[in-house]
Amino acid sequence: MSKAREFIEFWIKNSIHPVEQYRTVGASQDVAELTRRLVVAAKEQGFSEADLQTEIGDISDYVGDRLKAANKAESERRKLS
């Protein structure tokens with residue numbers, strides 16, 4: 001796994017969170033904002049936007065997919081509770 005990919009996965013794990021119970025928003029659910037934050041954080045770590053795109057393709061699509069997955073997993077977890 002490349003260093004850029006490791007960074008992306010770390011950032012996703014620590015920055016993409018599902019909507020909290022009762023529809024209150026904990027972390028941002030705005031894909032554009034999350035994408036911007038990822039790009040800024042990556043640049044601070046020495047990775048360019050092109051580095052991210054090489055690893056994951058369209059950054060916004062990737063972030064949106066991870067956010068949907070987090071929300072779906074949370075929804076499923078609540079159904080089982």
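What share of the contacts in the protein chain with a separation of 6 or more is accounted for by residues 24 or more positions apart? Such residues account for 70% of these contacts, where contact means heavy atoms within 4.5 Å.

The structure is a predicted model, in which local features need pLDDT of at least 70 and side-chain atom pairs count only at pLDDT 80 or more, while totals for chains, interfaces and linings use all residues. Residues are numbered from 1 along each chain as its sequence is written, and side-chain values use heavy atoms, with hydrogens and water left out.

**Overall arrangement**

The protein chain holds four helices and zero strands, and from the N terminus on its elements run α-α-α-α. Helices (H or I, at least four residues) and strands (E, at least two) are DSSP runs, numbered from the N terminus. Of the 81 residues of the chain, 28% count as buried. Buried means under 20% relative accessible area, exposed means over 50%, and partly exposed lies in between, with a 1.4 Å probe and protein chains only.

**The nonpolar core**

In soluble globular proteins, nonpolar side chains tend to be buried together. A nonpolar core is here a set of buried Ala, Val, Leu, Ile, Met, Phe, Trp, Tyr and Cys residues joined through side-chain atoms within 4.5 Å. The largest such core has 19 residues, of which Phe-7, Trp-11, Ile-16, Leu-38, Leu-52 and Ile-59 touch the most other members. Helix H1 (3-15), helix H2 (31-44), helix H3 (49-56) and H4 each give two or more residues to this core. Ile-16, leaving aside its neighbours within four places in sequence, is in contact with Trp-11, Leu-34, Val-63, Arg-66, Leu-67 and Ala-70.

The table sets out the lengths of two helices. The expected span of a helix is 1.5 Å times one less than its number of residues.

| Helix | Length | Span, first to last C-alpha | Expected span |
|---|---|---|---|
| H1 | 13 residues | 18 Å | 18 Å |
| H2 | 14 residues | 20 Å | 20 Å |

In H1, the buried residues are Ala-4, Phe-7, Ile-8, Trp-11 and Ile-12. Seen down the axis of H1, these residues fall within an arc of 130°, so they line one face of the helix; the arc is that of the directions from the helix axis to the C-beta atoms. An α-helix has 3.6 residues a turn, so residues three or four places apart point the same way. On the other side of H1, Lys-3, Phe-10 and Lys-13 are exposed. The cover over the buried residues of H1 includes H2, H3 and H4.

Apart from neighbours within four places in sequence, Ile-12 is in contact with Tyr-62 and Arg-66. Ile-12 and Leu-67 are 55 residues apart in sequence, yet their C-alpha atoms are 8.9 Å apart in space.

The buried residues of H2 are Leu-34, Thr-35, Leu-38, Val-39, Ala-41 and Ala-42. They cover an arc of only 165° around the axis, which puts them on the same side of H2. The face turned away from this buried side carries the exposed residues Ala-32, Lys-43 and Glu-44. H1, H3 and H4 are included in what covers the buried residues of H2.

**Packing of H1 against H3**

At what angle do the axes of H1 and H3 cross? They cross at roughly 85° and come within 9 Å. H1 is therefore roughly perpendicular to H3, a term for angles of 65 to 115 degrees. Ala-4, Arg-5 and Ile-8 of H1 make the contact with Asp-51, Leu-52, Glu-55 and Ile-56 of H3.

Gly-46 lies in the loop between H2 and H3, and its phi is positive, near 95°. This glycine counts as exposed because its relative accessible area is 60%. The C-alpha atoms of Gly-46 and Ala-4, 42 residues apart along the chain, are separated by 9.1 Å.

Is Glu-74 buried or exposed? Glu-74, in helix H4, counts as buried at 15% relative accessibility. Not counting residues up to four places away in sequence, Glu-74 touches Pro-18 and Val-19. Lys-72, found in helix H4 (residues 59-80), is exposed, with a relative accessible area of 57%. Lys-72 and Pro-18 are 54 residues apart in sequence and 8.1 Å apart in space, C-alpha to C-alpha.

Terms used. Axes fitted to C-alpha atoms, helices over the stretch in contact; angles between N-to-C directions. Parallel < 35°, antiparallel > 145°, perpendicular 65-115°, else oblique.
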